[in-house]
Every structure is written in structure tokens, then in C-alpha cells.
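Me: Please take a close look at the nonpolar core of this model and at the places around it that deserve attention. I would like one connected account, with the cut-offs stated.

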Amino acid sequence: DDHESCGSSSTNRSTSESTKTAVKPRRIQQATPDPDLPPGGYVQSLIWRVINNVNIVINNLILKYVEDDIVLSVNITSAECYTVDEFWDRAFMDISATDLVLRKVINFSDCTVCLDKRNASGKIEFYQDPLLYKCSFRTRLHFTYDNLNSKMPSIIKIHTLVESLKLSITDQQLPMFIRIMQLGISLYYGEIGNFKDGENEDLICHTKDVLGNISGSEDEIGKDMQYVSPESYAQQDDDQQQGWVSWAWSFVPAIVGNDEEGGYYVGTDDETTINQQKLPTVKDPIVSIGFYCTKATITFKLTEMQAESSYYSPQKVKSKEIICWEQEGTTVEVLMRGEPFFDCQIGFVGCHALCLKSIMGIKDFEENTNRSDSEAYFFHCGENLSTKGMTYLTNSLFDYRSPENNGVRAEFILDGAAHKEMYTEIMGMQRFGAFYMDYLYTMDSTSGKVSGNQSDVTSVKTEDFGNIQEMSTKSLIVGPLSLRLDSSAVHRIMKMVVCALEHEYEPYSKSKLDFVDGAKTVLNSDEIATLEEYIPTRITNFTILKCTVTIPMAEFNLLGHLLPIIMGQKSSSSFLNTANLQPLRPLPCIQMLVDKVVLEHSVPMYAEQLVQTVSSLNQPSDNLLHYCYAHCYLKIFGFQAGLSSLDVNGSYSSPAPVVPPLSTAFYGKMLKLPKCW
């Protein structure tokens with residue numbers, strides 16, 4: 001009855017004493033024990049009720065990440081988290097036996113992301129344009145509990161929606177932006193090494209592969225600290241080897257759970273094992289994370305220094321837009337449950353790319369050129385939201401038809417075979433239309449549990465490798481697309497490639513191709529038979545549907561300034577004359593049409609360990625040799641080509657056939673770690 005006085009709205013500080021006195025007896029009357037409350041008592045229920053309705057407001061939040069010459073800063077003007085009801089309106093809520101659900105909303109206001117480069121002294125000489133400027137978005141959180149006594153929710157859903165996302169990347173920011181993305185990928189695969197100058201490198205490689213096979217901690221999973229960086233445990237006596245990565249990941253198990261459901265554990269030392277044995281068994285929660293964007297644009301800019309009249313005035317950078325990518329209906333969804341299951345789906349409804357301004361002194365799309373918008377767009381794929389609808393929000397917390405928004409407990413597919421039957425190529429294209437990617441990683445234990453303390457990697461038995469069956473598949477589908485590779489588009493793409501290569505960053509992980517030393521594992525016949533039963537493999541399928549590629553005759557050619565840089569050489573001349581482009585019409589071109597292109601790629605998940613084992617056998621079987629290769633299949637269906645021309649109105653003449661429709665296929669394989677053989 002008194003929820004309003006405890007609500008999230010600001011309390012009226014001028015409440016009279018008589019009102020306060022009238023409220024107190026009501027609360028005393030409510031203090032009688034409730035039979036539906038948990039055994040912990042009424043005080044504990046009050047504590048949980050307060051915790052569930054805590055409102056958090058953060059103003060002027062600044063996050064900064066510095067690495068080498070990279071300075072990444074995130075500025076958020078305001079962030080507010082509060083509890084809501086079933087209609088996602090602010091309210092005072094509590095978990096009851098009839099409704100074991102807690103909902104929260106986080107609103108982020110004016111988020112700005114900056115990416116700048118600092119000099120050797122650590123100072124930023126001139127500031128780049130922000131990557132993201134004053135973007136607001138909202139996040140919905142949905143927690144489902146099994147019962148009133150549950151301290152941890154069994155289902156966690158965190159979905160974020162952005163109406164408009166406008167990204168801006170300059171030529172100096174592009175290599176830094178790629179570096180940040182590589183950092184995230186290396187963290188996920190656990191490829192960030194702590195060793196110096198190859199110190200204990202072979203032990204580290206062996207430790208990583210053994211832990212990967214025994215505990216199912218394949219580089220991809222990287223969700224628990226004790227699996228993410230096995231290198232740190234190989235050298236855990238040296239405190240300096242423990243980096244910030246391990247520290248940050250140490251907080252993750254509280255969210256995604258530990259491997260305690262089956263009563264087993266993977267310790268790193270005796271003390272850790274004892275501590276883990278004392279912990280009660282906790283069921284891994286189902287975690288669903290989603291990001292949805294209605295419209296997104298990415299603009300690439302070239303920068304140049306702008307001279308100032310005063311000597312003491314700071315340097316300024318002038319940027320010029322050259323290419324823009326526009327996208328509609330973007331979805332990024334992650335579903336995971338502990339370590340045995342991880343799935344990531346990415347898709348978008350429609351996208352297109354267009355040329356802007358000028359490139360390398362050629363003013364091909366300046367305002368005074370009077371060229372049509374259709375000539376600026378050189379890439380089209382998918383559909384529009386107006387025709388496709390809001391399918392990209394299907395089953396999200398922002399979809400009014402989702403189970404959570406209708407008081408129904410959501411069901412999740414956590415089986416690899418059932419997942420593949422449900423999320424097919426047809427389903428992905430029906431929901432999105434332009435692009436769909438499904439990355440699935442599953443881990444099954446044939447023995448029912450994983451071995452315990454594996455701190456002594458030399459004592460691991462090879463027959464234990466067959467207890468864990470891992471599978472990693474990536475399916476990428478691109479819908480019907482149209483691509484025109486004219487001079488304006490080609491030079492802009494090549495310029496972006498040149499800018500991406502202009503850096504001196506060291507890779508996060510060292511290559512293991514030169515690692516061939518060390519004692520090779522010798523297997524007996526039973527161990528070989530166990531190894532042949534199942535060998536974990538990474539499989540990638542890439543499909544393109546209905547592709548049309550048009551290559552016109554070059555209207556200008558400045559690749560002599562770009563190709564040498566891409567090939568690792570220096571450009572012969574940096575001076576370019578500025579000129580207005582006079583379009584040539586009619587413009588001869590080649591048109592190529594393909595009904596379908598399928599690329600299949602497979603590679604062993606633990607190539608280093610597998611190759612070292614198989615290469616030590618006198619007569620390895622054909623099956624084992626097959627998995628020691630990386631295989632690639634390319635299938636092309638309905639390829640045809642013809643000659644056409646582009647007229648003044650921007651339309652193409654009917655093509656004269658040159659290559660009649662045909663289908664073909666290619667196959668190739670590459671031996672992994674050839675120095676081991």
C-alpha cells in the first residue's frame with residue numbers, strides 16, 4: 001500500500017509530521033510474518049526488496065583506455081538505472097511467487113567516444129573528430145528466477161536499442177580502431193601472451209592446448225579467468241606476469257557461472273582446488289545479450305593539417321568525407337550458458353555505400369559536379385525497413401510480441417543439432433535480408449564430467465582427450481547484392497586499405513608456425529583409435545546469393561600511388577594535381593551475374609597439438625592426415641558475363657553475352673605446420 005512513498009520518484013521533503021506519523025503504524029502492521037517469504041525471515045526479504053529497487057544515477061562518466069599511442073575515451077553525460085514494471089514504466093517492484101521476474105532499465109544520455117593519437121611524450125598534439133558524438137540509447141534488463149530463495153537468476157537478458165548511430169572514422173583513427181577490435185578478438189580467443197622473448201613459450205603452447213582439450217577451454221570460449229589465459233598459470237609464481245587482462249576477467253565467473261554444476265572443477269593449484277570444493281553447486285544461468293540499431297552510418301574521412309595565422313595558435317585538423325556506409329535494422333545477439341554453449345548472431349536488413357566529395361585531388365562528387373545520387377551509390381544489398389518491417393527486433397525485449405513482454409517464460413535452444421535445424425539460411429534471410437551470421441560453439445563431455453586439477457600438464461593422459469567433444473561453426477550469408485567497381489569506388493577502397501596498413505603495432509599473439517621443437521607424444525593403438533573417433537574442427541561456410549558485379553572502364557587511374565604502399569613499398573610521388581572529373585558517357589563496362597557462391601573452409605581446432613602427434617606416427621591413417629590440413633571448397637553456380645555500357649541517364653544497355661551461364665567448383669588444401677613433417 002505504501003509503494004508510492006518508496007518509489008523511484010524524488011521524495012517530497014516537505015511532508016508534514018502528521019503524514020509521517022500516519023505512515024509508521026501501517027509499516028508496523030505490515031511487519032507480521034508472511035507465509036510466502038523465504039526462510040531467511042522478514043528482514044532478509046526487506047533487504048532484497050531494497051536491493052531490487054535501488055536506483056543508480058551516474059553523471060559525467062569518463063572511461064579512458066591507453067595503449068601505445070592509442071587514447072580511447074568514452075564520455076557519458078548521464079546514466080540512470082531503475083526498476084520498472086511489466087510495461088517497462090518506472091515502478092517499485094518485488095519478486096513474488098507468482099511473478100519470479102525482475103525488470104530494470106538503463107538510460108544513457110549523450111555518449112561521446114573519442115579516439116586520438118598521442119606522441120612520444122604522452123600528449124595529444126591535435127584532436128580527431130569523435131568516433132561517436134552525443135548518442136543516446138537505452139538498455140532493458142530482464143532477470144528470471146527459479147524460486148524466491150534463488151540468489152542468482154536462472155535467465156539474464158540484457159538488450160540495448162539505439163535509434164540512430166552515426167560513426168565517423170578518419171584515416172588516422174582507422175588503424176587504431178582496427179587495433180581495438182583485434183584486442184577484443186584476442187581477449188575472446190585467449191591469445192594475449194605474457195611471456196617475454198619466447199620464455200617458456202613451448203610450455204605455454206602445450207599448456208594451452210592441453211587445457212583446451214581437457215577442460216573444454218578452447219581458445220574461443222574465454223569466459224572464465226582460469227580458461228582465458230592459461231599462460232598466466234604456467235608462470236603464476238611471478239606476480240609481474242599477471243596482467244590487467246586476468247584481473248579484469250576474474251570478475252566474469254560471477255556472471256556466466258563456474259563449472260560447478262556437475263560437481264567438477266578445473267583448478268590451477270592445490271589451494272584453489274580446496275576452495276572450489278567448498279563451494280556449493282551453482283547452476284549456470286542462461287545469458288542473452290542483444291544490441292539493436294535502427295539506422296547506422298559510418299563515414300570515412302581524410303584529414304589534413306590546417307595552417308593558422310598565428311604562430312602560437314594550436315594546430316587544427318581539417319577532415320573531408322570521402323565514403324559513407326549506411327545500414328538499417330542491425331542486430332547483434334549473444335546467447336551462452338556457462339562454457340558448453342556459446343552462440344553469436346549478427347544480421348542487418350539493408351545496407352548501401354556511396355562516394356562523397358573528392359579523392360586524391362579528383363573532384364568527382366563535389367557539389368558543383370551535378371552528378372546524380374544514383375551514380376554516387378556503388379553498393380546495394382538487402383531491403384528497406386519500410387518494406388521489411390521490424391523483424392530485426394524479433395524476440396527481443398523491445399518486441400511487444402516477445403515472451404517476456406507477454407508474461408511467458410522464454411524457451412532457449414541450447415543444443416547444437418537443434419540450433420542448426422532452427423537457424424537455417426532461409427530463416428536468416430527471412431528475418432534480415434542483407435546479411436546474416438551465426439557463430440556456434442558447443443562442448444560436450446562424453447564422460448559426464450571434466451577432469452580435476454590439471455596444474456601438472458605433463459601428467460595428462462592422451463586418452464582423456466576424447467572425453468571432450470568441441471564443435472565450432474560459422475555460417476555467413478549475404479543476400480542479393482549489386483556492386484559497381486568504378487574508378488571512384490576503387491580508389492576510395494584502396495585508400496582505406498592504405499590507411500589501415502599505416503601503423504607499427506606489434507601483434508597481440510606470436511605465431512606458432514616456427515614451434516616444432518620439444519618431445520613428441522607417442523601413442524599406442526588404443527589412444528590412436530580414441531583420437532580418430534572425434535577431432536575438433538572449426539568450420540566456416542560463406543554464401544552469397546544473387547550477386548551482380550559491374551566493372552566499368554577506368555575514368556581515372558591513380559593506383560600507382562596506392563599499390564606500392566599496399567605491397568610494402570613507398571609511393572614514388574606524393575604530389576597530385578587537383579582536377580574536376582569529366583564523366584565519359586557512354587561508359588563501356590563488364591557485367592557479371594552469379595546465382596550463388598558457396599565457400600567452405602575447415603581447419604583443425606588444435607592444429608599444433610594434432611600435427612605434432614600425427615607426424616610422430618610411422619603410418620598415420622588417411623583420416624588423421626585429412627584433419628592435419630586446412631581444406632577449402634569454392635562452388636559457383638550460374639556464373640555469366642556480358643558487355644554493356646552506361647549512358648548519360650545512368651542506365652545500362654542490355655548486355656551482350658560473352659560467357660554463357662556455367663557452374664564450377666574449386667578445391668584446395670594446405671598442410672598445417674609443414675616444418676613438423
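Reply: A nonpolar core is a set of buried Ala, Val, Leu, Ile, Met, Phe, Trp, Tyr and Cys residues joined through side-chain atoms within 4.5 Å. Buried here means under 20% relative accessible area, exposed means over 50%, and partly exposed lies in between, with a 1.4 Å probe and protein chains only. The structure is a predicted model, in which local features need pLDDT of at least 70 and side-chain atom pairs count only at pLDDT 80 or more, while totals for chains, interfaces and linings use all residues. Residues are numbered from 1 along each chain as its sequence is written, and side-chain values use heavy atoms, with hydrogens and water left out.

The largest nonpolar core has 79 residues. Phe-300, Phe-342, Phe-378, Phe-379 and Leu-481 have the most contacts inside this core. Its largest share, seven residues, is supplied by strand β8, residues 341–355; helices (H or I, at least four residues) and strands (E, at least two) are DSSP runs numbered from the N terminus. In soluble globular proteins, nonpolar side chains tend to be buried together.

The cysteines come next. The whole structure contains zero disulfides, where a disulfide is a pair of cysteine sulfur atoms within 2.5 Å. For Cys-351, the nearest cysteine sulfur belongs to Cys-381 and is 4.6 Å away. Cys-351 is buried, at 4% relative accessible area, and Cys-344 is likewise counted as buried, at 13%.

Ser-488 is found in helix α14 and is buried, with a relative accessibility of 2%. Beyond its neighbours within four places in sequence, Ser-488 is in contact with Cys-355, Asp-364, Phe-365, Arg-371 and Phe-556. Helix α14 (residues 487–501) also packs against helix α3 (residues 173–189), at an angle of about 65° and with the axes 7 Å apart. Axes are lines fitted to C-alpha atoms, for helices over the stretch in contact, and angles run from 0 to 180 degrees between N-to-C directions. Angles of 65 to 115 degrees count as roughly perpendicular, under 35 as roughly parallel, over 145 as roughly antiparallel and the rest as oblique; α3 and α14 are therefore roughly perpendicular to each other. At this packing, Leu-174, Pro-175 and Ile-178 in α3 meet Met-496, Cys-499 and Ala-500 in α14.

Some backbone details complete the account. Most residues other than glycine have a negative phi, and most peptide bonds are trans. Leu-673 has a positive phi of about 50° although it is not a glycine; Leu-673 lies in the segment after β19 (656–671) and is buried, at 5% relative accessible area. Asn-60, in strand β1 (residues 56–67), also has a positive phi, near 55°, but Asn-60 is exposed, at 61%. A cis peptide bond, with omega of about -5°, joins Arg-585 and Pro-586, and Pro-586 is in the loop between β16 (579–580) and β17 (587–604).

Note on methods. Contact = heavy atoms within 4.5 Å.
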